[in-house]
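Colleague: I am new to reading models of this kind, and I would like to go through one slowly with you. Could we put it on the screen and work from the strands to the side chains?

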Amino acid sequence: PSFPLTAAAAGQRVRIVRGGHVDASKLTFLGERALVPGRVLEVTEVCALDGVVTVEDEDGESHVLGESLARSIFVRSPA
């Protein structure tokens, strides 16, 4: 079962499974950062105040994602 990235907790490892309703500019943004299905991320911070989610990818790169973008990325445990 997948869930939006905004529902993940800090310290949780997740695998991107799909994007929800994402427009072309968001797809480009995610693609340029290799935040694509199959990619494993570690959630490093979830800001309850504004919904911003910070993740670290497999290469150690940190990405700060706004709430609407993070809500449109569906993830699951990286089994």
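Colleague: In which sense do strand β2 and strand β3 pair?

Modeller: In this predicted model, residues are numbered from 1 along each chain as its sequence is written, and local features need pLDDT of at least 70, side-chain atom pairs count only at pLDDT 80 or more, while totals for chains, interfaces and linings use all residues. Side-chain values use heavy atoms, with hydrogens and water left out. Strands are DSSP runs of E with at least two residues, helices are runs of H or I with at least four, and both are numbered from the N terminus; two strands pair if DSSP finds at least two bridges between them. Strand β2 (residues 13-19) and strand β3 (residues 40-46) have 3 bridges, with E42 as the partner of R13, and the sense of the pairing is antiparallel.

Colleague: What is the bridge partner of V53 in β5?

Modeller: β4 and β5 pair in the antiparallel sense, and 4 bridges join them. Within β5, the residue that bridges to V53 is L65.

Colleague: Is D57 buried or exposed?

Modeller: D57 lies in strand β4, which covers residues 53-57. Buried means under 20% relative accessible area, exposed over 50%, and partly exposed in between, with a 1.4 Å probe and protein chains only. Because the relative accessible area of D57 is 7%, D57 is classed as buried.

Colleague: With which side chain does the side chain of D57 make a polar contact of 3.4 Å?

Modeller: Contact means heavy atoms within 4.5 Å, and leaving aside neighbours within four places in sequence, D57 is in contact with R33, R39, V40, L41 and H63. A polar contact is a pair of N or O atoms within 3.5 Å; within protein, one must be able to donate a hydrogen and the other to accept it, and residues adjacent in sequence count only if both atoms are side-chain atoms. A polar atom of the D57 side chain also lies 2.8 Å from the backbone nitrogen of D59, whereas the side chain that it meets at 3.4 Å is that of R39.

Colleague: How far is the backbone oxygen of A34 from a polar atom of the side chain of R39?

Modeller: R39 is found in the loop between α1 (24-32) and β3, and R39 is buried, because its relative accessible area is 13%. Apart from residues up to four places away in sequence, R39 touches V14, R15, I16, A34, D57, E58 and D59. From a polar atom of the R39 side chain to the backbone oxygen of A34, the distance is 3.2 Å.

Colleague: How many residues does the largest nonpolar core have?

Modeller: A nonpolar core is a set of buried Ala, Val, Leu, Ile, Met, Phe, Trp, Tyr and Cys residues joined through side-chain atoms within 4.5 Å. In the largest one, the residues with the most contacts inside it are L5, V14, V43, V55, L65 and I73, and the number of residues is 15.

Colleague: Over which ring does the charged end of R33 sit?

Modeller: A charge sits over a ring if NZ of Lys or CZ of Arg is within 6 Å of the ring centre and within 35 degrees of the ring normal. The charged end of R18 sits over the ring of F74, 4.1 Å from its centre. For R33, the charged end is 3.6 Å from the ring centre, and the ring is that of F29.
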